[in-house]
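Morning, everyone. Please have a look at the model on the screen before I start.

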Amino acid sequence: MQKTGSPLLPLLKQYFGFTSFRPLQEEIIRDALDGKDVFALLPTGGGKSLCFQLPAMARPGLTVVVSPLIALMKDQVDGLQAGGVPATFLNSSLGSAEARSRLRGLHQGEYRLLYVAPERLMLSGFLSDLQRWNLALLAVDEAHCISEWGHDFRPEYRQLANLRELFPAIPMMALTATATDRVRKDIVSHLKLRQPGCYVASFNRPNLTYRVFAKEEPYAQLLDLLQGRPRESGIVYCQARKTAESLATRLSEDGVRAKPYHAGLTPEERTRHQELFLRDEARVMCATIAFGMGINKPNVRFVVHYDLPKNIEGYYQETGRAGRDGLPSECVLLFSAGDVVKQLKFIDEKPDPKERQLAHAQLQQMVHYAETACCRRSELLGYFGEQFEPEDCGACDNCLSPRETYDGTLAAQKFLSCVYRVRQQSGFDFGLNQIVEVLTGASTENVRKWRHEQLSTYGIGREHTRPQWKTIGRELVRLGFVSQAADKFNVLALTPAGLAWLKQRQPVTLTKPVSAPEPKTRRIGDIACDEVLFERLRQLRKRLADERGVPPYIVFSDVALRQMARDYPANEREFTRISGVGEKKLREFGSVFLSEISEHLVSQPRQIFADDSFATPGRAPARARLGDTARETLRRFQAGEAPEAIAAQRSLSIGTIYGHLADALAGGENIDLNQFLTPADRAEITAVFRKMGLGSLSPVFEALGGRFDYGRLRLVRAALTLDRPKT
């Protein structure tokens with residue numbers, strides 16, 4: 001628990017702009033300052049970095065941070081330098097002259113923090129330098145990389161096991177955002193931590209909403225989601241490089257500023273795309289799992305998994321890149337049985353049986369998470385050994401909109417009977433595919449080979465499709481009626497509970513599978529503030545960041561800007577109350593932001609907000625920035641060209657053109673809907689939207705008998721979203 005009047009608080013405010021610690025931070029920092037080894041497991045966005053950054057400023061000496069990614073180093077150092085912390089990094093991105101300059105600074109004691117990759121750290125010459133640099137602390141970030149049981153094992157991290165012998169008197173700190181109990185023990189063992197203070201924070205990220213939708217026409221689903229968030233940044237994770245490339249291209253053509261990121265790009269391309277994303281010049285990053293570890297972009301408002309992740313740990317860490325600033329953000333997974341099959345094929349190509357078994361078990365857990373009807377937050381936390389008490393988290397699809405259930409007694413009876421009969425005839429168990437083939441009466445080589453067409457259960461389940469039976473089978477596994485061995489064959493066997501149920505045949509309730517999304521136009525849950533002022537401050541922040549060659553959030557976070565646009569600070573004393581305003585940022589940015597706020601109030605009235613307000617903001621700020629493609633459509637339309645002509649001349653679909661115009665309208669551009677619809681038509685469409693909501697267009701299209709195309713419906717929806725009153 002945080003101590004009142006802590007002597008660390010002045011340093012926290014001076015260099016980092018905060019007035020209080022997050023959970024466990026102060027305890028971890030105190031252990032480090034007392035010379036103790038520390039293991040810290042804090043969720044993404046939980047403030048891991050501060051645990052070694054603040055001690056570096058609280059005592060003399062050099063803190064060395066082992067970091068796995070070049071981008072992470074630059075990102076952290078930029079932020080530290082902006083707050084007045086003398087920090088630097090050494091990696092292969094530096095030219096020889098710059099590297100020599102930084103080494104001279106290290107020899108002269110100019111820095112308190114040094115970020116370095118494990119490969120460079122363990123070079124004999126570098127280790128000799130370290131022994132002359134008054135080393136105060138060794139911090140290993142992303143420490144799960146040291147464990148072969150971790151989801152992101154990196155062999156080069158194994159070398160760090162030698163650090164204890166080389167620096168026996170120097171305290172060590174291991175930090176990670178995701179690790180099972182087995183991985184935690186592995187980290188402590190390999191780094192030879194001595195009676196470490198072990199701190200495990202809650203894995204719960206209350207500002208994140210988790211949703212899983214059936215994957216149907218995934219590109220259309222993704223585009224609808226992005227068009228409902230016209231000014232928000234996000235990451236779309238893909239399994240394959242090709243998918244990341246094609247998605248980025250299609251989204252760019254449809255007016256969404258998107259870039260790909262994967263290992264097939266050159267280092268220069270990856271760096272350039274990442275910089276565009278960090279600086280808010282690319283709104284969406286379409287990436288493989290090669291992207292994101294340690295990226296400190298705080299205003300990622302959504303993470304979409306376009307394909308099924310391999311395991312829960314990777315999924316948790318990737319979703320954790322959303323909402324690092326603590327503001328509400330969304331995590332969406334598009335799930336299909338086809339993705340499960342693809343993953344199984346990849347797994348079965350692994351030559352090592354042990355590796356296959358582990359991958360099968362991890363995939364089973366991921367599929368269970370995707371298909372469960374229980375609270376998703378509870379499932380995630382349970383995986384990491386944490387119990388979530390409330391029955392309803394209020395921030396996942398299963399809690400917000402519980403799925404329909406049905407009487408599954410007959411289906412369960414058929415499935416369990418089939419598992420029993422197959423075992424009875426053949427003397428051993430079979431996998432899910434074989435059970436489903438028998439139930440649906442398939443005439444396959446395996447069915448004939450084992451003479452399963454002779455069973456009484458052959459063909460008794462033709463009322464369901466094969467995917468439906470697979471879903472039923474997996475739910476019966478979750479209910480404990482069937483066990484599934486986590487080996488190459490994933491064979492099914494009746495449990496004692498399943499056998500007892502077959503004899504008693506009590507009613508069983510099953511849950512309908514996840515459905516396709518009902519996209520929302522935009523769910524903003526940010527701190528309620530003056531949206532017009534917020535947009536002005538965003539533009540000012542971008543200009544200042546560009547002048548300094550850093551991402552916008554290095555200047556100030558979205559949280560800070562929203563607080564400014566809510567509280568209207570009028571002098572330096574009031575400005576220092578804003579989150580993230582330390583001494584250096586007050587000197588460098590205080591006057592220019594105060595001037596912008598004052599200038600805004602000359603022409604706009606001051607708005608009043610509740611102190612703890614997290615309500616939905618009202619009218620969107622005028623003239624939000626559009627992508628180049630959408631801007632060109634708008635320019636042509638404003639010059640008098642018809643949408644059909646623009647589509648033909650630019651080789652784009654008419655739907656894409658209407659999407660551009662809808663984005664422009666939602667962003668505050670002046671588009672007269674009377675050019676597209678009569679007042680009576682617009683009134684009729686509006687009435688249906690009022691009745692059915694501003695989510696999916698399909699129900700509205702059908703309710704109107706298909707008399708109005710989707711393009712015009714998008715325009716009306718955009719206008720209604722813009723005019724929605726405050727709540």
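Predicted model: local features only at pLDDT ≥ 70, side-chain atom pairs only at ≥ 80, totals over all residues.

Residues are numbered from 1 along each chain as its sequence is written, and side-chain values use heavy atoms, with hydrogens and water left out.

Now the sheet. Helices (H or I, at least four residues) and strands (E, at least two) are DSSP runs, numbered from the N terminus. Pairing needs at least two DSSP bridges between two strands. Here 6 strands make an open sheet, with parallel pairing, in the order β8-β13-β12-β9-β11-β10. β8 (208–214) and β10 (258–261) are the edges; each has a single partner strand, so one side of each lacks a neighbour in the sheet. On average, neighbouring strands are turned by 15° against each other, direction ignored. Axes are lines fitted to C-alpha atoms, for helices over the stretch in contact, and angles run from 0 to 180 degrees between N-to-C directions.

Which strand pairs with β10? That is β11 (residues 284–287), in the parallel sense, over 4 bridges. P260 has C286 in β11 as its bridge partner.

Next, helix α15, residues 353–371. It lies across β8 and β13, at about 110° to β13. Contact means heavy atoms within 4.5 Å.

Last, α18, residues 409–426. Its buried residues (under 20% relative accessible area, 1.4 Å probe, protein chains only) include F415, L416 and V419. The buried residues pack against elements including β14, α19 and α21. G427 follows α18, with a positive phi near 90°.

Methods:
Buried < 20%, exposed > 50% of the residue type's maximum accessible area, 1.4 Å probe, protein only.
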